[in-house]
Every structure is written in C-alpha cells, then in structure tokens.
Amino acid sequence: MQLHDFEKAIHGGDIQLVSDLIDRAEKVEDFDLLYEAAGLLLDYGYIGQADHIYETLSEIMPDEAQLKIDRANTLLELGEEDAALLLLSEIQTEDEEYVQALMALADYYQMIGMAEAALLKVKEAYELLPNEPVIRFAYAELLLDAGRYIEAAKFFTELYEEGHLEIAGANILSRIAETYSAGAAYEEALPFYESLLKDERTPDTLFGAAYAYFQSNQPERSVNLLDELIEMDPDYFSAYMLAGQAHSQMDEDKKAYELFKQGIKRDEFDKELRLSAGKIALKLGLPEEAEEHLMQSVALDPEYIDAILTLAALFNEREQDEELLQFLTDMNEDQMDIPLLAAFKAFALEREEQYDDAYVSYSKAYTGMKDDPSFLDKFARFLLDEGKRTEAIEVIKALVLLEHNDEWTAFLEMLNDEEV
C-alpha cells in the first residue's frame, strides 16, 4: 500500500475506500504513510479523516510536538478551538516546533478578530527566527492590518530586495504599493505601481495605480488607466466613481456626470455613485436630475447623512418648502439631531409663516450653529421680526464676535446710544 492508493481513492470520491486504507495502514503500523496521507487528505478538504489520523498518531507518540501542532490546526478547522488551544499550549519554548505553534496561534487570533494578540505572537516568532521570509511576510501583513504602514513597507521592501517576488501567493511588489497607498504615501507608491504595470495590467493593479495618481494630483494619468480598466472590465464598479472624480478634478464636469451615470447603469444599488451624480448635476445646473439622483441615494440608505444633507440643501435653496418639510418628517429629522437639518426646517417653516414652529427649530439649530454667521444673521432677523428683541441682541453679539458686520455693528451701537 502506497500514498498513491490514497490519492486514487480521493480522486474517485470513494470515502469508504479512504477509511479502509486508513484502517489497513493503522493495522500494519505504517506511521510514515499515515502521516503523509493525513497531509494529502487535508489538501483535498478531508479534514475529519486527517484529524482521525493525527489523533491516532498522537496516542502512539504523545510527546511529538509536530503532531500536536498538526492536530491543533485540524481541530481549528473543525471549530474545536478549546481542544486546539490546549494542544498548542503544550508546546514548550525549547521545542523546535515552538515557532510553528506561535504562528498557528496567530492565525487563530486573527481569525477571531484579536488582531493585537495575533501581532504579538508573530512578533515573538520573528524575534526567534528574524531571517525566515514567511514569518517576516506574516509580520508585515499584520503590521499593515494594524495601520503601521511604515514598518510594514520596510519588511515588504526588504523581502523584495532579497529576491522574494511572491510569498503565500501574494505579489510582494504589489504589497509594497498597496501599503504605501494605505498609508496615504501615494507618491511613494507610484514607482512600485509603475513597475507592476510593466508586467501585469490586471484590473486591481490598474485601479490601485489610478487611485495613487488621482491622490497625487495627476488626474490625467489616472483617467488613462481607468479608461483601460473599464474597457477591460466594465463591471469594475469602483472605476466609474474614481474616473468621474478625476474628470471633475480636471474641471470636466460633463464627462464626470456621464461616468457616474454609466456606473449607476452597471450598479443601480451604489448609493455613493448616486450621491456623486446628484452633486455634479447641481454643479451643471440640473436641479431636477440632481433631485432624482439624491432621492434614489437616500432610498438606498435612509441614514446616509451626506445624501440627506445635500438633498435638504437643494430643497432649501429652491424654496421647495413642502417637499423639504415632508422629507425631513420622513427622515425623522428630530431624532437625527443634526443642527443643519433643524436650520433648514426653520427656514422652510418661516417661509410657510409657521412662526411658532420655526422658532422651535431655530432654537434647536442654534446650539450647534453658533459659529455659522449666515445662520446667525437669519436667526437674528427672525427674532426681531417676532419681537424677541432680547434674544436677538444675544445672537447679534455672537455674530459680530465671529466676523465684522457693518449693519449689525451699527445696530448694537444704536442700542448703546439709546441706553445712554
């Protein structure tokens, strides 16, 4: 009996034969074959059968650290974390396999969202084996996830300079570029993206490079790459947003609007594309189209604050008071507790001559808008019109402190003269 027999049974999907082969190997005590078979079974997803073998071998060789690690990994795959962690805890620092145990623990901690614990385990492994590429790569990956971009880039760059072009299926050059971009060091990322593009022009690489160019204020180069990307993969939805932003950066708002609309046709559930389309439509003087885009954005996410504020501002600017008041009611504006929305509501109620309600909304907005001269000016005039002179004077004083205003300064001086 040989490993080939296991492989043949696996390929044939004959689970019973696999079990029979395991039993026969156990009876003849062919432990080497069993161990190799367990690795093969794992490769093909037969985790339970592999765990059975590791358990059997561990009973025969209870002090074998490698078997403890192997079985712990299978138990983690099977969701038996407590048993796996107990096995890993039995690996001693002096054991040759201790670093493997650390890496297994790091994988587990990362899987359950304990990123800091995972990083500490890999750091310990790195300190024990500082020249091991796989460990350095894992350390860099966790540093990247932790937002420690400079340290991560250093490790990735060292690996690349040593000739490690790929580790664990990851392109190291790509990792360097992505790390610099993640840390907002876009100009540092660009040379690495340019090197990548010489060998591979994949959608992700094109997008990453285009984004770095965009953030480096080179929208023309960004657009060229995005045109290529969209032609290569028309369903790469993020490309439409970035391409539109790049064209807008070049003051090509009509082209930007067309790209946003193309993106919406590809992904009608993208609230950010609809918001961007609405904003650019406003710049182009297309308020009806803007309203439609913004309404759709809010419909997709009723808590999308940016879209809500933009649409409310549009209604307010056009004095569409009925629509504005109904919209704020539908959005539960009172519960959202956003001063600007309360201000928009106050303006609409004042225009609709609902002065008592307008006063309530003005007062609510005032708490969060004491640094907004335009709002303070409107509120002061409203208070004076409503005969609330004392309150108006306090608002005017706050306004004059914020910025020089000839009209209100003269008003306060007149009051002082009256008092004299």
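**Figure 1. Helix α13 and the helices around its buried residues.** In this predicted model, helix α13 covers residues 203-215, and its 13 residues reach 18 Å from the first C-alpha to the last, which is close to the 18 Å expected at 1.5 Å a residue. The buried residues of this helix are Thr205, Leu206, Phe207, Gly208, Ala209, Ala210, Ala212, Tyr213 and Phe214, and they pack against α11 (172-182), α12 (186-199), α14 (219-232) and α15 (237-249). Asn217 follows α13 and has a positive phi, near 60°.

**Figure 2. Helix α9 and its surroundings.** Helix α9 has 13 residues and spans 18 Å from its first C-alpha to its last, close to the 18 Å expected at 1.5 Å a residue. Eleven of these 13 residues are buried, so α9 is largely enclosed by the rest of the structure. The buried set consists of Pro133, Ile135, Arg136, Phe137, Ala138, Tyr139, Ala140, Glu141, Leu142, Leu143 and Leu144, and what covers these residues includes α7, α8 (115-128), α10 (149-161), β1, β2 and α11. After α9 comes Gly147, whose phi is positive, near 80°.

**Figure 3. Packing of helix α7 with helix α9.** Two packed helices are described by the angle between their axes and the distance between the axes. For α7 (residues 98-111) and α9 (residues 133-145), the angle is about 25° and the axes lie 12 Å apart. Because angles under 35 degrees count as roughly parallel, α7 is described as roughly parallel to α9. The crossing of these two helices is left-handed. On the α7 side the contact is made by Val99, Met103 and Gln110, and on the α9 side by Ile135, Ala138, Leu142 and Asp145; by class, the residues of this contact divide into five nonpolar, one polar and one charged.

**Figure 4. Packing of helix α2 with helix α4.** Helix α2 (residues 15-27) packs with helix α4 (residues 47-60) at an angle of about 10°, and their axes are 11 Å apart. That angle makes α2 roughly parallel to α4. Ile15, Ile22 and Glu26 are the residues of α2 that meet Gln49, His52, Ile53 and Thr56 of α4, and the contact comprises three nonpolar, three polar and one charged residues.

Figure 5. Gln66 belongs to helix α5, which runs over residues 65-77. The relative accessible area of Gln66 is 18%, and this residue is therefore buried, the cut-off being under 20%. When its neighbours within four places in sequence are left aside, Gln66 is in contact with Tyr35, Glu97 and Gln100.

**Figure 6. Ala168 in the loop between β1 and β2.** Most residues other than glycine have a negative phi. Ala168, although not a glycine, has a positive phi of about 50°. This alanine, Ala168, lies in the loop between β1 (166-167) and β2 (170-171), and with a relative accessibility of 76% it counts as exposed.

**Figure 7. Glu353 in the loop between α22 and α23.** Glu353 is a residue other than glycine whose phi is positive, near 65°. The loop that holds Glu353 lies between α22 (339-351) and α23 (355-366). At 57% relative accessibility, Glu353 counts as exposed, since the cut-off for that class is over 50%.

Definitions and conventions: Residues numbered from 1 in each chain as written. Predicted model: local features only at pLDDT ≥ 70, side-chain atom pairs only at ≥ 80, totals over all residues. Heavy atoms only, no water. Axes fitted to C-alpha atoms, helices over the stretch in contact; angles between N-to-C directions. Helix = DSSP H or I, 4+ residues; strand = E, 2+ residues; numbered from the N terminus. Parallel < 35°, antiparallel > 145°, perpendicular 65-115°, else oblique. Contact = heavy atoms within 4.5 Å. Nonpolar A, V, L, I, M, F, W, Y, C, P; charged D, E, K, R; others polar. Left-handed = near helix turned anticlockwise from the far one by under 90°. Buried < 20%, exposed > 50% of the residue type's maximum accessible area, 1.4 Å probe, protein only. Expected span 1.5 Å × (residues − 1).
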